[in-house]
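Reader: Can you walk me through this one? Keep it quick.
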Amino acid sequence: MATAARPDAHSSPVGRGVEPLRAGKGHSFLLRKLHSLSGIVPIGAFLIEHLLSNFEALKGPLAYAEQVKFLNSLPLVRFLEVGLIFIPLAYHALYGVYIALRGKANVIYYPWSGNWMYMMQRWTGYIAFVYIIQHVIRQRFMGVSLPEHPGAAFHKVQMELSNPWMLAVYVIAMIAVCWHFSYGIWLFAAKWGITPGATARRRFGYLCAALGVILAVMGLASIYAFVGPNYKNAPDDVMPAQTRLVQPMPPQANLTVEIETHA
Amino acid sequence: MAEKLIQIEIKRQSGPDAPSTWERFEIPWKPGMNVISAMMEIAANPVNSSGQETTPIAYDSNCLEEICGSCAMVINGKARMACTALVDKLEQPIRVQPLTKFPVVRDLAVDRSVLFENLKAVKAWVPVDGTYDLGSGPRIFPQQQEAAYPLSNCISCCCCMEVCPQFNDATGFVGAATIAQVKLFNSHPSGKVLKEERLRALAGDGGVQECGFAQNCVQACPKQLPLTEAISDVTRDVTLQAAKDFLRA
């Protein structure tokens with residue numbers, strides 16, 4: 001037997017079924033770890049920022065506008081937006097769909113809690129995927145441009161949520177995204193070896209669940225700020241002077257002189 | 001006195017490429033019967049419930065005490081060892097089918113060589129072969145033994161892989177059993193000489209990263225291996241090894 005060539009796994013009498021480990025080959029480890037990490041930083045960090053910013057809406061249209069203005073005044077804000085939000089988010093979303101499509105959920109046969117959470121993580125991911133695409137297109141790239149007109153932010157969101165279907169979409173997506181993020185933190189800790197022990201995982205699970213509930217309640221409260229009775233019919237733009245007050249106008253006389261000189 | 005009968009339905013397939021069909025049997029009940037002994041009864045009198053003569057069921061089994069790992073099959077929808085699947089504790093008709101993620105050889109016998117290939121790929125052994133006497137190995141403290149013992153209980157039954165949503169043709173995931181063996185041999189004072197090689201192997205396609213942490217493995221494992229703990233620990237080690245290799249490259 002020692003002299004016989006080692007039979008290849010795929011030339012065995014049956015020669016089918018799941019492929020053995022491709023030891024040390026390929027890049028899926030790096031891609032998968034980047035996917036996992038990007039869900040926490042920067043996407044998770046951004047989600048928390050976004051929910052905190054939205055929470056300002058409870059203080060009214062002006063406070064919300066101030067927050068939008070503040071975010072858009074951050075140094076290198078367009079770079080931050082593309083480099084720390086758009087690109088990681090697109091990667092996490094597309095690679096996440098790729099991961100989800102390759103898994104074969106079997107909750108029907110094995111209805112265990114971890115298995116349910118496995119399936120829910122994929123479904124909340126799909127919900128977030130569809131929701132975020134429309135959210136970015138409609139709120140960032142369509143209608144009034146908020147970086148230039150932060151005062152219009154409250155009105156823009158209020159108009160969006162005045163449609164009851166859209167309101168339902170936002171409520172469902174808010175819960176799904178908070179679920180996906182909080183269980184994502186738990187998965188991150190479990191999979192990166194931070195919480196190997198069963199007890200540690202259970203305790204950390206309570207912590208993540210609490211975080212998820214807090215984030216979801218905060219998110220739903222800010223949705224309520226837009227549709228509730230407190231700030232009905234918010235003005236189109238609460239900072240209309242924003243675009244005009246760039247610099248004080250030079251005296252009219254000087255301007256005339258300038259023109260004459262050039263003429 | 002009317003004889004007490006048990007109903008059992010078995011998914012049968014005459015060869016790897018043959019179509020599969022369900023065949024129903026009614027066999028006399030005996031005390032303490034398990035699924036394997038029920039199939040032994042069928043072999044003694046291979047007649048199905050419609051009175052037709054048929055062939056005995058082909059299946060793998062050996063020890064009949066849940067220690068050899070041969071007789072894993074899907075019984076009433078759950079992957080488990082047939083020898084400890086007691087007839088009195090199962091809902092009837094008992095539906096028995098081969099593991100679904102491994103190629104069928106015949107009836108309930110499946111080809112589980114993928115696990116053997118995976119164990120070889122991660123060098124799941126202690127390398128002591130040589131041309132001279134290596135002497136006695138290093139001492140293993142009782143604390144280390146106690147940590148390693150549960151992992152050494154793996155019987156290679158493949159239940160953890162069968163129930164894993166990530167173990168499939170698309171991912172080619174290595175499965176929990178192999179990862180647990182990596183932890184076992186990496187913790188062995190002589191076995192850990194191959195630690196880095198094992199960790200690098202597990203960073204390949206189909207490696208630890210494919211785990212989705214559904215935790216079905218640890219639920220299904222008939223030997224109660226701490227599989228999720230092993231996956232967590234080994235993934236950390238693989239990640240650290242990958243980072244070291246990147247920085248030392």
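Author: Glu9(B) stands opposite Arg95(B) in β5(B). This is a predicted model: local features need pLDDT of at least 70, side-chain atom pairs count only at pLDDT 80 or more, and totals for chains, interfaces and linings use all residues. Residues are numbered from 1 along each chain as its sequence is written, and chains are lettered from A and ligands numbered from 1 in the order in which they are written.

Reader: How many bridges join β1 to β5 of chain B?
Author: 3 bridges, between β1 (residues 5-13) and β5 (residues 94-97) of chain B, which run parallel. Strands here are DSSP E runs of at least two residues, helices H or I runs of at least four, numbered from the N terminus. Two strands pair if DSSP finds at least two bridges between them.

Reader: What order do the strands of chain B take in the sheet?
Author: β2-β1-β5-β3-β4, 5 strands in an open sheet with mixed pairing. The edge strands are β2 (20-28) and β4 (78-81) of chain B, each pairing on one side only.

Reader: Switching to helices. Which residues in α2(B) meet α5(B)?
Author: Leu115(B), Asn118(B) and Leu119(B). They meet Ala177(B), Thr178(B) and Gln181(B) in α5(B). Contact means C-beta atoms, placed from the backbone, within 7 Å.

Reader: And what is the make-up of that contact?
Author: The residues where α2(B) touches α5(B) are 3 nonpolar, 3 polar and no charged. Ala, Val, Leu, Ile, Met, Phe, Trp, Tyr, Cys and Pro count as nonpolar, Asp, Glu, Lys and Arg as charged, and the others, Gly among them, as polar.

Notes: Two residues are in contact if their C-beta atoms, placed from the backbone, lie within 7 Å.
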